[in-house]
Amino acid sequence: SALHVRPAPSASCLSRIDLIPTPPWPAPHTRSMSSLQFRRFQEATLTHLQGVASNHNVSWNVDVRFRSLAEESQAVALALNRSQAAVQGDLAHLRAWMRKIERRSRKADSRLQALDLALSKKSELRARERKGQKDALRDVLARLSHLVHSQGARLAALEGRLLVANLGTAAPSPAQPERLGPSSLKLQRGRQALRATPEPSSAPQDSAAQPQGTRGPPASGGHQASDGATAALRDPPRPAWTPQRPGERCSGGPVLVFPNASTENVVSLSPGFLTALRALSFCSWVRTASGHLGTLLSYATEDNDNKLVLHGRDSLKPGSIHFVIGDPAFRELPLQLLLDGQWHHVCVLWTSTQGRYWLHVDRRLVATGSHFREGYEIPPGGSLVLGQEQDRVAGGFDSSEAFVGSMSGLAIWDRVLVPGEVTSLATGRELPTGAILTLANATRVGGFVQRADCTCLELCP
């Protein structure tokens, strides 16, 4: 028959399952079989009931866990809402603070822009003022330089005139002390008068071919002078070499003789220019032995072989020489006075301030000009040679550009000599201070160049 199973009891009833009264059993043999089956049924039922109870306990535990999780989630949501509200409040405060900072930064930017504009205007004004001051100082310096050189030319001209006027007077004997005669007193009065004489402030300009303010070659024995000096007084001719009294120095040092136009005849000066030059003075005693002037000096660097050249060649106009600074810029200098085969003192001066330059021959200013390489700077580290023109560093010589003659007392300064210093050199007195190169720096004397020591230049062969 079908087995009727009660609903699963609870866990508390499982302990009482064996207390259920049993109905009366049939016969003993039947009763033993039924008892065994019932026991098996009881065990199966017990096992089933225990599984049901276990599942019921698990579901109960799951429900409890879900309820606890729901409570925890509600607490977390509440805390999250509270924190979100706090964060939103903080963000509101931060936005308000950022708006204040932006307003303050805009105000600061506007103030900084106004301050920057005011500073830029002041800096521009100061720059214009400084530029104006520099231009004014350059103009004053140029006028003073021109005035000094003009006064020096006039002084040299007056000294030459007085010297020629006194040629008929006898020189004092070595045994007697030298006395100041009337001519010496006149010379001193003439110098004082020249110092007190005002000079026009306008400076002559130059051109590429012939510097303005100069004249053409004078007659034999004469010298070319600036217009200001010529207008002041006319000088009678005087000898290029001024005889000196016994006991005075007659020579400016060793003499370099270039006997012919060989390309091997070259003299190198070392170490050359150690620093950049914005001004220079080149002075030397020169005597030519040919009908044209060769190259006196050549300074070459790797990027330009004509950084500084006193360039002469046989194809140029006789007696002219090209004064080159940073090829291709040059000025043509008139040196026709040097073609008479006598000793002459030559000084070439240049400054980058307004590009002014001067040429002195035997103390006289024979050429001047301006706007020649204004603001230029001659770089250091090149090769400096005498007697040849370099087409490359220390080479590329051409015999048509070679110097044939003699040099003595050569010196170079990194400044512009004043007329008194030029006169001192031309009269055989002591060398002005500050020379950066002399013939003592000659490290290579090549070819047929001869080095001689003469007591007086006019006695040199």
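The questions and answers below cover the disulfide, salt bridges, surface patches and backbone features of a predicted model.

In this predicted model, local features need pLDDT of at least 70 and side-chain atom pairs count only at pLDDT 80 or more, while totals for chains, interfaces and linings use all residues. Residues are numbered from 1 along each chain as its sequence is written, and side-chain values use heavy atoms, with hydrogens and water left out.

Q: Which cysteines does the disulfide join, and what is the S to S distance?
A: A disulfide is taken as a pair of cysteine sulfur atoms within 2.5 Å. The structure holds 1 disulfide. It joins Cys283 to Cys347, with an S to S distance of 2.0 Å.

Q: Where in the chain do Cys283 and Cys347 lie, and how many residues apart are they?
A: Helices (H or I, at least four residues) and strands (E, at least two) are DSSP runs, numbered from the N terminus. The disulfide between Cys283 and Cys347 links distant parts of the chain, with Cys283 in strand E3 (residues 279-288) and Cys347 in strand E8 (residues 344-351), and the separation is 64 residues.

Q: Are Cys283 and Cys347 buried or exposed?
A: Buried means under 20% relative accessible area, exposed over 50%, and partly exposed in between (1.4 Å probe, protein chains only). Cys283 has 1% relative accessibility, and the relative accessible area of Cys347 is 0%. Cys283 therefore counts as buried, and Cys347 is likewise buried.

Q: Why is the disulfide of Cys283 and Cys347 right-handed?
A: The handedness follows from the torsion about the S-S bond of Cys283 and Cys347. The disulfide is right-handed because that torsion is about 120°.

Q: How many salt bridges does a search of the whole structure find?
A: A salt bridge is a side-chain nitrogen of Lys or Arg within 4 Å of a carboxyl oxygen of Asp or Glu. One of the pairs is Arg415 with Glu421, at 3.0 Å from N to O. Searching the whole structure gives a count of 3.

Q: Which residue meets Arg278 in a salt bridge?
A: The N to O distance of this salt bridge is 3.9 Å, between the side chains of Arg278 and Glu377. The pair links distant parts of the chain, 99 residues apart: Arg278 is in the loop between strand E2 (267-269) and E3, and its partner is in the loop between strand E10 (364-369) and strand E11 (383-386). At 41% relative accessibility, Arg278 counts as partly exposed.

Q: How many residues apart in sequence are the parts tied together by Arg313 and Glu401?
A: The side chains of Arg313 and Glu401 meet in a salt bridge of 2.9 Å, N to O. Arg313 lies in the loop between strand E5 (308-311) and strand E6 (320-325), and Glu401 in the loop between E11 and strand E12 (405-413), so the parts tied together are separated in sequence by 88 residues.

Q: What accessible area do the residues of the nonpolar surface patch have together?
A: Patches are made of residues with over 30% relative accessible area and no salt bridge; like charges are joined within 9 Å, nonpolar side chains (Val, Leu, Ile, Met, Phe, Trp, Tyr) within 5 Å. This patch is formed by Val87, Leu91, Leu94, Trp97, Met98 and Ile101. Leu94 is partly exposed, with a relative accessible area of 43%. Together the patch residues have about 520 Å².

Q: Why is helix H4 largely enclosed by the rest of the structure?
A: Helix H4 spans residues 419-426. Its buried residues are Pro419, Glu421, Val422, Thr423, Ser424, Leu425 and Ala426. H4 is largely enclosed because the number of buried residues is 7 of 8.

Q: Which peptide bond is cis with omega near 20°?
A: Most residues other than glycine have a negative phi, and most peptide bonds are trans. The bond from Ser270 to Pro271 is cis with omega near 15°. Pro328 is in the loop between E6 and strand E7 (330-334). The cis bond with omega near 20° runs from Asp327 to Pro328.

Definitions and conventions: Areas by Shrake-Rupley, 256 points an atom, 1.4 Å probe, with all protein chains shown as cover.
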